[in-house]
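Reader: I have a model open and would like to go through it with you. Can we take it one part at a time?

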Amino acid sequence: MTVFYRRMPKMDYMRPDSLDQILDLLAEGETGQYKMYAGGTDIIPKIKKRIINHPQILVDLKGLKALDYIEYDEKSGLRIGALTTVRSVAHSLVIKEKFPILSQAADSIASIQIRNRATIAGNICNAVPSADSAPALLVLNAELTCISRDGERKILINEFFHSPGKTILAPHEVLKEIQIPVPDKNMRGLYLKLSPRSRMDLAVVGVAVLGTVKAGMFKDVRIGLGAVGPVPFRAKNAETLLKDFKIDDKIVNDAARTAASESRPIDDHRASGEYRRMMVEVLVRRGLKDIIS
Amino acid sequence: MEKKRIRFTINGRECELEIKPWQTLLEVLRDDLKLTGTKEGCGEGECGSCTVIMGGRTVNSCLVPAMEADNNEVLTIEGLSLGNKLHPIQEAFVEHSGMQCGFCTPGMIMSAKVLLDEKPDPSHEEIREAISGNLCRCTGYTKIFESISAASQAMKGRK
């Protein structure tokens, strides 16, 4: 019999105000003792539904006010702190101006209530295949600074996702900052989200296309795909096909078909794998037509 | 497990109480403070019926650990009226039949409040966007859009 839980299990709550304290907890805590959360929009329902084992202590990261920032510099690019909400990213003027594809993706997530709480860092740390910010961050070549007691390391976003719901972060490690290099100023792109409802829905297919064209040729074109594989990924074969190729309908169609063949979607109640693959072709074609128009 | 003490402002009033650290804000509002205007629908952040305003922003109170309300400011549907005088948004919902069963209404009105505070004269598209996180299974939304639109007109007239 299915049991419906609507209440949280018994656990304690703490809200440290320094990163050091959190790294100590992670390094010294026993398995299952602590669970870190930022917005909680994903983890609270999972704990309520007993999908994940509840910790002894729920650790609220929002005490780390210093990690809520969006900073942009012409040389080093964009830096987004781990506690920056999806709302802040979607509303940020500098992101709208320099990285419109990211504000588009952020704005397409769930509802206002969720965006007010959820963080971009949390969106990728959850590593669901349909995470809307992932295809955009993939094509922007985002780099992630992760930190633990052993020190900091940088991970490229295309190496970050391991499998559905799992990243390569070590158990005692947290994501601290997302960095995005300054893109070529001629770069154009968009995030296309296919979902039955226009709001408050998960992507059936998410496609981010970002690229430059010069003198009738495709230059650096990047294609990020979400919800059509175990993890969000770049359609590298389609990208290679386009590079330095003269723009015409045939190459656009070929690249779209190639991207579709690179995807490995599953069948589920949202859509069949076959439909998803066909939609990758349609959306990649649409994205490419947009950047050459 | 020990109860913990939190202090916060609820509907303009200071309040201090002891809660279980695993309670959600929604549970504290309904069970401890008996503010049952805020409803629990899905309990997992999909339907928006538990929407309240915390720190000036709408949140799904079913997803907020109540401990987070400590030192914060929370506004619920009960905090909108002035004595027996309904808030203009509430009046507009009554006037324009922006509800049928009424279960989604408190959440709808809280979302509408934040919208009208930020944009006193929203477009139809902005109204739709503002309540996209609030599900209504009765009205088909048209009456809700009309109510919010009428509220924005009424509130402009008062300023």
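Predicted model: local features only at pLDDT ≥ 70, side-chain atom pairs only at ≥ 80, totals over all residues.

Reader: How many helices and strands are in chain A?

Author: Chain A has 12 helices and 14 strands. Those are DSSP runs numbered from the N terminus, helices being H or I with at least four residues and strands E with at least two.

Reader: What is the radius of gyration of chain A, and what does the globule rule give?

Author: The radius of gyration is 20 Å, close to the 19 Å from the globule rule for 293 residues, so chain A is as compact as a globular protein of that length. The radius is taken over C-alpha atoms, and the rule is 2.2 Å times the number of residues to the power 0.38. The C-alpha trace of chain A spans about 60 × 55 × 30 Å along its principal axes.

Reader: What share of chain A counts as buried?

Author: Of its 293 residues, 46% count as buried. Buried takes 20 or more other C-beta atoms within 10 Å of the residue's own, exposed 12 or fewer, and partly exposed is in between, with C-beta atoms placed from the backbone.

Reader: Which domains does the assignment give for chain A?

Author: Domain 1 (12–63), domain 2 (65–180) and domain 3 (188–292). Such bounds come from an automatic or database domain assignment. The C-alpha centres of domain 1 and domain 3 of chain A are separated by 36 Å.

Reader: Where is Phe99(A)?

Author: Phe99(A) sits in the loop between helix 4 (93–98) and helix 5 (100–107) of chain A.

Reader: Buried or exposed, that Phe99(A)?

Author: Phe99(A) is buried, because 28 other C-beta atoms lie within 10 Å. Setting aside neighbours within four places in sequence, Phe99(A) is in contact with Leu78(A), Leu140(A) and Ile180(A). Contact means that the C-beta atoms of two residues, placed from the backbone, lie within 7 Å.

Reader: On to the cores. Which residues touch the most other members of the largest nonpolar core?

Author: Ala208(A), Ala259(A), Val280(A) and Val284(A), in a core of 80 residues. A nonpolar core is a set of buried Ala, Val, Leu, Ile, Met, Phe, Trp, Tyr and Cys residues joined through C-beta atoms within 7 Å. Not counting residues up to four places away in sequence, Val280(A) touches Val205(A), Val207(A), Leu225(A), Val228(A), Ala259(A), Ala260(A) and Ser263(A). Apart from that core lies another, of 45 residues, including Leu26(B), Leu35(B), Ile53(B) and Leu115(B).

Reader: Now the interface. How many residues of chain A are in contact with chain B?

Author: 22 residues of chain A are in contact with 21 residues of chain B. Strand 1 (12–14), helix 2 (43–48), strand 3 (57–60) and helix 6 (112–117) of chain A each give two or more residues to the chain A side. Helix 6 of chain A gives the most, with five residues.

Reader: And how do the residues on that side of chain A divide?

Author: They divide into 10 nonpolar, five polar and seven charged. Here Ala, Val, Leu, Ile, Met, Phe, Trp, Tyr, Cys and Pro count as nonpolar, Asp, Glu, Lys and Arg as charged, and the others, Gly among them, as polar.

Reader: Chain B next. Which domains does its assignment give?

Author: Domain 1 (4–79) and domain 2 (88–158). Their C-alpha centres lie 21 Å apart. The contact takes 13 residues from domain 1 of chain B and 12 residues from domain 2 of chain B. On the domain 1 side, strand 3 (51–54) and strand 4 (57–60) of chain B each supply at least two residues, and the largest share, three residues, comes from strand 3 of chain B.

Reader: How many residues of helix 3 of chain B are buried?

Author: Helix 3 of chain B is mostly covered, with 11 of its 14 residues buried. Among them are Met108(B), Ile109(B), Leu115(B) and Leu116(B).

Reader: What about helix 1 of chain B, which residues are buried there?

Author: Leu25(B), Leu26(B), Glu27(B), Val28(B) and Leu29(B). Strand 2 (13–19) of chain B is included in what covers them. Lys34(B), which follows helix 1 of chain B, has a positive phi near 60 degrees.

Key. Residues numbered from 1 in each chain as written. Chains lettered and ligands numbered in written order.
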